[in-house]
Amino acid sequence: MNNMSISYLEFLVAVIILSCILLYGIGASAPDNSTQSPSVMKSAAEISSADKNNEQMKAKKSAHQPHPTVKPGAAVSLKNIEPLYAPAPGVYEYQVQLVSPNHTGVMTVDVSTSDGVAIVSPERRFEFALQEGGEYLVPLTIDADSEGRFYIQLHVTIEVNGQTSARAIAAVLQVGEPVAKAQKTTSGDSAGKSDSVISLPAQETISPR
């Protein structure tokens, strides 16, 4: 009976030792998920590189897309580009005539002059409702102190459907005879030659807003 008890105890001890060995082996052989395999790391690097390439291609595509252009200035001009004329210094009345292809909107005109002439009429700001085929008169009374070439500056703003554009136009005012024509008239060798026409067109500058 004692021999059987000893054998049974030995069997239990052997089972316990074997169980511990198996548990230890399973724990040691379990994979460490905290460390990624080289193939996983490679896939992540490829995805990151692909994303960068996509972003670069989108940036290049955006750079080559056409961007909307801005209108250079208000669609308005002088109807007659010939200079205004005054035979001698003094006070004169003029009507500067503007035309615009726009048939809707509002046009505002602010008038100033270069040195040597002055506006003596009370109105220096004019507002017009644009219409199809419209011509817009700007009446001015100008006081010219001396002979020479001067400028009447028209700062025009047009607003159509909430969009504003602007343009600066300069009409020429010639007081007295132009210098070139006066010299030719007094020149002794001008006999037998026809007088040439001197063109003094209006000067125009564009100022987009």
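## Exposure and the model

A residue counts as buried under 20% relative accessible area, as exposed over 50%, and as partly exposed in between. The relative accessible area of Glu 135 is 41%, so this residue is partly exposed. The structure described here is a predicted model.

## Open sheet

An open sheet is built from four strands, ordered S1-S3-S7-S5, with antiparallel pairing. The edges are taken by strand S1 (77-78) and strand S5 (117-119); each has a single partner strand, so one side of each has no neighbour in the sheet.

Two bridges join S1 to strand S3 (residues 90-99), again in the antiparallel sense. Leu 78 has Leu 98 in S3 as its bridge partner.

## Salt bridges

The model has two salt bridges. One of them is formed by Lys 79 and Glu 135, whose closest N and O atoms are 2.8 Å apart. Lys 79 belongs to the loop between S1 and strand S2 (84-86), while Glu 135 belongs to strand S7 (residues 135-144), so the pair ties together parts that are 56 residues apart in sequence. Lys 79 has a relative accessible area of 45% and is partly exposed, and Glu 135 is also partly exposed, at 41%.

Arg 125 and Asp 110 form a salt bridge as well, with 2.7 Å between the closest N and O atoms. This pair links distant parts of the chain, with Arg 125 in strand S6 (residues 125-129) and Asp 110 in strand S4 (residues 106-113), 15 residues apart. Asp 110 has 27% relative accessibility and therefore counts as partly exposed.

Technical notes
Residues are numbered from 1 along each chain as its sequence is written. This is a predicted model: local features need pLDDT of at least 70, side-chain atom pairs count only at pLDDT 80 or more; totals for chains, interfaces and linings use all residues. Side-chain values use heavy atoms; hydrogens and water are left out. Two strands pair if DSSP finds at least two bridges between them. A salt bridge is a side-chain nitrogen of Lys or Arg within 4 Å of a carboxyl oxygen of Asp or Glu. Buried means under 20% relative accessible area, exposed over 50%, partly exposed in between (1.4 Å probe, protein chains only).
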